[in-house]
Amino acid sequence: MQKRNPFLTAIGALLILLFTGGPILLAFAGSVIPDRVMFSPDRGLFDEVTLENYRFIFTGELPPAYLQSGANRTMISDAARQAPLSLWNSAQIAFASLVLNLILGAPAAFIYARYAFPGKKLTFMFLILSPLVPAVALITPIYMMIQAAGLVGSKFAIIFIHAARALPFTVLILSIFFRKMPGELFEAATVDGCTRFQTFFRIAVPMALPALAATGLFAFMLSYAEFMFAMVLSGDSSTRPMSVVMAALARNPDVSWSLLNTAIFVAILPTLVLVALIWRFVIADLVRGAVKA
Amino acid sequence: MWTIGRFPALWVLPVILPVAVLTIYPIGYALWTSLHQVMLLFPGEDWVGLDNYKAVVTGEYFGAALKNSLVFTLFSAPLVVLIGTATAMFLYRDFFGVTALRSIILLPWVLPGAISAVLWTWVFHPSWGVINSTLFKLGLIDHSIPWLSDPTLAFVSITVAHVWTQVPFTVVLVMAALSAINPETIEAAVVDGARPFQRFALVIFPQIKAIIVLLLVYNALIAFTSYDLVYAMTGGGPGTATTLLSFQIWKESFSMYDFGAGSAVAFIVVAISAVLIVAITWAIPSDIFGEDEPADAKA
C-alpha cells in the first residue's frame, strides 16, 4: 500500500476514540470526582479523586461526605447498591439465553446450511425478517401473554424472550459458518454410515466450536443490553437485570451524580471484556479475508 | 447440498416456534386490540372498528409525533451510514493501535440504551455537561446552552446520541464488505494512477454499494422504531419536540392505559415498518439463502 500521513492517522484515531470512548471516560471521571468538587467552579477537578462511591456500592459503607451534618442523605440511593446483584442477574439470564441459543439454533443452522428441503426459503426468510418487526409494537401483547402464563416477575420469561429474540441471529451467523466447511467431510461421514444427527454432532459441531463460542457471545450480548422486555417483565430486585436498575437510577433526579456514574461504570466494566472477546472471536474472523491476502 | 424430501420439523421447529410465538401472535393481537376498546380501568372489550385509529390520527400528538419520527429517520439513518462507512474505511487500514480501536468502536453497541442515555445526558447537561463547561472555559459562550430543553437542540441531542449507538453495527458490516473486495482491483487502480477519491468512487464504492443500501434501509427502520433514548433522555419533551411515534405507543399503553389506542399506533408503526422490511428483502444479497453452491465449492 502507499504511504499515509501518520499525523492525519493520529488525528483520525483520536477523533474516533473521543467520539466512542469519550462519554464512557466521562462516566469514569464522574465516578471518582465527588459532586461537591464537580459543582464548584473554583476547585481543581482532580483534587479530591476518591473511590468511596465504589466502596459504597460493594460494601454499603456510606461515603464520609454524606455523613457530615447538613449533607443531603437522599442523594445517596440504596438503588445503586443493587448494581452488583443486578449484574449477577443479567449474567444468569444472558448465559441461559446463550445456552438455549446454541442448543436450539445450531441444529437448525446446520440443516439450513447443508440441505435443501421444502419450505426452506419461506421459513428462513421468516426467521431473518422477524427481528425487524419493532419490539415496541409487540411489547403489550407479549406482556399480556406472559401475564396469562403467570410468569411476570420471574427470570424464566425474560430468558425465553431474550433467547427467542436472539435465535434468528444465531441461525443466520451459524449457517454462514457451516456453509464454509468443506463438503467432502460430510460426504465421507455419510458414506461411512453416519446418520444426519451423527454427522451434525460428531463432525460439524467439533469443527464449529470457535464459531459456536462466537455466536454464543453474540446472544449473550443481545440479552445483556436488552432493556424494554426486561423492564416490563422483571419483578423485585432479586430478578431485576442490570439494564433495568440502571434506567431506574438514571430517572431518579435525586441521586448524586457521582454515585450514578459509579453504578454505570460498574455496569460498563463487564462489557469491556465482552467487547474484546466479541472482537477476537466474531469480527476478526469476518474481516480476516483481506488482511490475509 | 443434499435434498430432504419432507420438512425437517425436528431440526427447525425448535427455532421457528418460539420466534413465531413472539411475532405472529403479538401482531395479530395488536390488530385485534386496535379494533376494540381495551382500557385497563373499564371492563369489557367492545368492538369499535376503526374508532381507535380515528381518535389516534386526529389526536393532538399524532401529527407532531409522525413528523418527528420522519425527520429523525431522515437525519439519523444517512448520518449513521456516512459516519460508519468513513470509520470502517479508516479502521480497515493498518496502523499502531488499530486492533484496540476496533474493539473500542464496538462499545456503544454493547451498552443498554438506558446507559447510553445517561452518558449523553451527562455530555449535554446544561450546567455541568462537558460541552457547555468546555465552551464556557474557552470563553465562547457566556450563558449555558439549553441542549435538552430547547426544542430544536433537544432533537439534535437525541439524534447525536442515537447515531452514537448505531454506528458500531454499520462499521462491522462495512468492514466485512470491504474484506470481500479483491485487493488486486485496488492495487491495479493505484498502478493506473487513480487518486484516493477516484479509488473510492470508482473501485471501492461500487463493490460495497449493496451493503450500504441495505444499511440505509435497516437504519431507517431502527430509527423509526427506536424509543429508549427518548424515554430516558427527554421523556418526549420539551412539549412534543422529541416525541417519536414509537414513544407514543408507550405513552398511550403504559402511561394512559389505553391499550386500544396504543395498539392502533403500534399497528401504524408496524405498517410503515413493513414497507421498509419489504425494501430490505429487495436489498438482501440473494446468496444468503444458500441456494447456490457453498463457498468452499467456489474456492
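Predicted model: local features only at pLDDT ≥ 70, side-chain atom pairs only at ≥ 80, totals over all residues.
Visitor: What percentage of chain B counts as buried?
Guide: Of the 299 residues in chain B, 41% count as buried.

Visitor: Let's stay in chain B for a helix pair. How do α13 and α14 of chain B cross?
Guide: Helix α13 of chain B, residues 245-255, and helix α14 of chain B, residues 259-283, have axes that come within 7 Å and cross at roughly 165°. With an angle over 145 degrees counting as roughly antiparallel, α13(B) and α14(B) are therefore roughly antiparallel to each other.

Visitor: Is that crossing left-handed or right-handed?
Guide: The crossing of α13(B) and α14(B) is left-handed. On the α13(B) side the contact includes B:L245, B:I249 and B:E252, while the residues from α14(B) include B:F259, B:V265 and B:V269.

Visitor: What classes of residue make up that contact?
Guide: The contact of α13(B) with α14(B) has seven nonpolar residues, four polar ones and one charged.

Visitor: Switching to chain A, at what angle do α5 and α8 pack?
Guide: Helix α5 of chain A, residues 83-114, packs against helix α8 of chain A, residues 155-180, at an angle of about 35°, and the two axes are 6 Å apart. The crossing of α5(A) and α8(A) is right-handed, and the residues of the contact divide into 18 nonpolar, seven polar and three charged.

Visitor: Now the two chains together: how many residues of each are in contact?
Guide: There are 80 residues of chain A in contact with 81 residues of chain B. On the chain A side, helix α14 of chain A, residues 257-292, supplies the largest share with 16 residues, and the residues of that side divide into 57 nonpolar, 16 polar and seven charged.

Visitor: Which strands are joined by bridges between the chains?
Guide: Strand β1 of chain A, residues 115-116, is joined by two bridges to strand β1 of chain B, residues 2-3, and the two run parallel.

Visitor: Which residue stands opposite A:Y115?
Guide: That is B:W2, which belongs to β1(B).

Notes: Residues numbered from 1 in each chain as written. Chains lettered and ligands numbered in written order. Buried ≥ 20, exposed ≤ 12 C-beta atoms within 10 Å, placed from the backbone. Contact = placed C-beta atoms within 7 Å. Helix = DSSP H or I, 4+ residues; strand = E, 2+ residues; numbered from the N terminus. Nonpolar A, V, L, I, M, F, W, Y, C, P; charged D, E, K, R; others polar. Pairing = 2+ DSSP bridges. Axes fitted to C-alpha atoms, helices over the stretch in contact; angles between N-to-C directions. Left-handed = near helix turned anticlockwise from the far one by under 90°. Parallel < 35°, antiparallel > 145°, perpendicular 65-115°, else oblique.
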